[in-house]
Amino acid sequence: MARIKNVELPKDKSLFIGLTAIHGIGQSLAKKICSDCGLDKDMKVRDLTLDQEALLRSEVDKYVVEGELRREVQMNIKNKMEIGSYQGIRHKKGLPVRGQRTNRNARTRKGHNATVANKKKETK
């Protein structure tokens with residue numbers, strides 16, 4: 001079982017797909033890590049030797065991933081909220097941050113549709 005940054009890599013997948021189970025590693029970074037380690041990206045995770053696992057661990061340690069990345073992102077959001085930037089205000093209100101429309105969609109951010117009392121649609 002390959003365990004990197006406290007994440008179990010799926011053993012039946014190819015190496016570069018298995019590395020994407022780590023938060024902060026996408027497919028392109030996973031391919032780069034494999035090539036830097038000199039490993040075949042298409043080999044299965046279960047075929048890794050202990051030496052290869054150690055090599056992968058040392059290579060992944062060069063990047064900001066998992067807990068460090070999550071903490072950094074949360075600190076960036078908190079900083080935006082404290083300085084009162086537009087994005088910080090949107091985070092506080094629980095609205096979409098990146099310019100999406102809100103009059104029709106955005107249920108993921110806004111939550112369930114709450115009915116407002118005494119508000120009827122006008123008919124023309």
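Modeller: Helix α4 gives the largest share of the lining of the second largest pocket, three residues. This is a predicted model. Nine names make up the list: Asn76, Ile77, Lys80, Gln87, His91, Pro96, Val97, Arg98 and Gln100 line the second largest pocket. Two elements give two or more residues to that lining, α4 (66-83) and α5 (86-93). By class, three of the lining residues are nonpolar, four are polar and two are charged. The space inside comes to about 160 Å³.

Stay with α4 for a moment. Met81 also has its place in this helix. Buried would need a value under 20%, and exposed a value over 50%. Now follow the chain from Met81 to Arg109, 28 residues apart in sequence. Their C-alpha atoms are separated by 17 Å.

Next, the largest pocket. It holds about 200 Å³ of space. Its lining is made up of Arg107, His112, Asn113, Ala114, Thr115, Val116, Lys119, Lys120 and Lys121. Sorted by class, that lining has four charged, three polar and two nonpolar residues. Arg107 and the lysines Lys119, Lys120 and Lys121 are the charged ones. Ala114 and Val116 are the nonpolar ones.

In soluble globular proteins, nonpolar side chains tend to be buried together. Here the largest nonpolar core has 21 residues. Which of them have the most contacts inside it? They are Leu15, Leu19, Ile22, Ile25, Ile33, Leu48 and Leu56. Three helices each supply at least two residues of this core: α1 (15-19), α2 (27-37) and α3 (50-60). Of the elements, α2 gives the most, with five residues.

Last, the rings. A pair of aromatic rings is described by the distance of the centres and the angle of the planes. There is no such pair to describe here: a search of the whole structure finds zero aromatic pairs. One ring does have a charge over it, that of Phe16. The charged end of Lys41 sits there, 5.0 Å from the ring centre.

To return to your pocket: α4 brings three residues to its lining, and α5 is the other element that gives two or more.

Note on methods
Residues numbered from 1 in each chain as written. Predicted model: local features only at pLDDT ≥ 70, side-chain atom pairs only at ≥ 80, totals over all residues. Heavy atoms only, no water. Phe/Tyr/Trp six-rings, centres within 6.5 Å; stacked < 30°, edge-to-face > 60°. Lys NZ or Arg CZ within 6 Å of the ring centre and 35° of its normal. 1 Å grid on protein atoms, 1.4 Å probe; cavity = no way out; pocket = protein on both sides within 12 Å on 5 of 7 lines; lining within 4 Å. Points joined across faces, edges and corners; volume = space filled by probe spheres on them. Helix = DSSP H or I, 4+ residues; strand = E, 2+ residues; numbered from the N terminus. Core = buried A, V, L, I, M, F, W, Y, C linked by side-chain atoms within 4.5 Å. Buried < 20%, exposed > 50% of the residue type's maximum accessible area, 1.4 Å probe, protein only.
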